[in-house]
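Welcome! Keep the picture open as you read.

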Amino acid sequence: MRFSPLSKTPRGFTLIELLVVIAIIAILIGLLLPAVQKVREAAARTQSQNNVKQLGIACHSYHDIYNRLPGQWSTEGGVTASLHFWLLPYVEQNALFTLGLTNSNPHNIVAVRSAVIKTFISPLDTTSPGGISTGDWAASNYANNHGLFGSPGVSWDAKRALISITDGTSNTIAFAEKYGRCGGNGSLWAHGNWNWPWMSIWAINVNGNPPQSQPTQAACDPQTVQAFTAAGCTVGLADASVRTVRPGISAATWQNACYPTDGNVLGSDW
């Protein structure tokens with residue numbers, strides 16, 4: 001007896017089954033995307049914290065040579081420039097620093113003021129695409145504290161030694177995150193004091209408010225600093241350590257952390 005194989009036509013998905021599969025995939029994607037975004041944000045926040053730490057270490061390296069911190073706007077050897085410019089040799093930017101020294105005002109050199117320095121840029125900033133804030137001026141997302149590097153109401157250069165920070169270097173803020181493009185101004189690392197809201201600084205004596213929490217670019221206040229994420233604002237302290245200032249910090253605690261010699265104890269919200 002001879003048997004012939006049974007012949008069956010392969011059965012495909014029905015329309016309902018296909019729609020169910022698509023729905024399941026969409027749900028899985030919806031669950032996965034927030035997790036991926038959180039991982040990316042955490043990685044970007046870590047990079048930003050590392051940049052702030054590098055700037056703190058650069059300040060200490062400068063201090064090791066000159067026995068004082070750099071000024072926000074100071075003159076050395078006939079060259080007048082911003083704090084960020086004077087830190088260039090300590091963030092592996094010797095060639096740019098040398099080029100800047102060929103002009104008494106390095107910001108006059110387009111190749112200097114337009115240079116996007118990786119250490120100066122936060123991957124969390126969306127206001128200055130490509131690191132350019134406006135025209136041919138590059139941004140710095142890490143503003144420096146006028147209360148530390150300058151003398152409020154007196155000078156842009158405090159010529160401050162670390163030993164003179166009587167409140168303690170671990171209790172004094174040196175750098176904080178700031179939008180590269182903020183309201184009608186910006187945060188330009190090479191900019192000078194002729195229009196200070198464009199400088200990469202904040203002046204606590206002018207605006208004592210704590211960091212803004214994720215404002216829109218239009219609502220950004222160039223006289224203060226900003227938190228790029230809901231976690232808070234990344235700040236670098238004068239001892240080169242890094243911490244996050246969480247939303248809700250009081251103005252009093254923020255101000256006390258910005259002044260290096262006021263003798264005030266930081267609040268419990270620090």
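## Before we start

Two strands count as paired if DSSP finds at least two bridges between them. Helices (H or I, at least four residues) and strands (E, at least two) are DSSP runs, numbered from the N terminus. You are looking at a predicted model, in which local features need pLDDT of at least 70 and side-chain atom pairs count only at pLDDT 80 or more, while totals for chains, interfaces and linings use all residues. Residues are numbered from 1 along each chain as its sequence is written, and side-chain values use heavy atoms, with hydrogens and water left out.

Let us begin with strand 12. Five of its five residues are buried, where buried means under 20% relative accessible area, exposed means over 50%, and partly exposed lies in between (1.4 Å probe, protein chains only). In a regular strand the side chains alternate between the two faces of the sheet. Here Cys233, Val235 and Leu237 point one way, Thr234 and Gly236 point the other way, and all are buried.

Strand 12 pairs with strand 6 in the antiparallel sense over three bridges; there, isoleucine 173 has leucine 237 as its bridge partner. Strands 12 and 13 form a hairpin with four residues between them, and in the turn alanine 240 has a positive phi of about 75°.

## Helix 6 and what follows

Helix 6 covers residues 251-258, and its buried residues are Thr253, Trp254, Asn256, Ala257 and Cys258. What do they pack against? Their partners include strand 5, helix 5, strand 6, strand 9, strand 12 and strand 13. Contact here means heavy atoms within 4.5 Å.

Glycine 267 sits in the segment after helix 6. It counts as partly exposed because its relative accessibility is 28%. From glycine 267 to alanine 257 there are 10 residues in sequence and 9.5 Å in space, C-alpha to C-alpha.

How many disulfides does the structure hold? It holds one, joining cysteine 182 to cysteine 220 with an S to S distance of 1.8 Å. The pair links distant parts of the chain, 38 residues apart: cysteine 182 is in strand 7, and cysteine 220 is in the loop between strand 10 and strand 11. The link is left-handed, with -95° about the S-S bond. Cysteine 182 is buried at 0% relative accessibility, and cysteine 220 is buried at 5%.

## Charged pairs

Side chains of opposite charge can pair when their charged atoms come close. A salt bridge is a side-chain nitrogen of Lys or Arg within 4 Å of a carboxyl oxygen of Asp or Glu, and by this rule the count comes to four. One of them joins arginine 68 to aspartate 157, with the closest N and O atoms 3.1 Å apart. Arginine 68 lies in the loop between helix 1 and strand 1 and aspartate 157 in the loop between helix 5 and strand 6, so the pair ties together parts that are 89 residues apart in sequence.

Aspartate 157 also meets lysine 159 in a salt bridge (3.5 Å, N to O). Aspartate 157 is buried at 11% relative accessible area, whereas lysine 159 is exposed at 53%. A network of salt bridges links Arg68, Glu76, Asp157 and Lys159. Elsewhere, aspartate 136 and arginine 113 form a salt bridge (3.0 Å, N to O).

## A buried histidine

Is histidine 107 buried or exposed? Histidine 107 counts as buried because its relative accessible area is 10%. It lies in the loop between helix 3 and helix 4. Leaving out residues up to four places away in sequence, histidine 107 touches Trp73, Arg113, Trp137, Ala190 and Trp194.

Notes
A disulfide is a pair of cysteine sulfur atoms within 2.5 Å.
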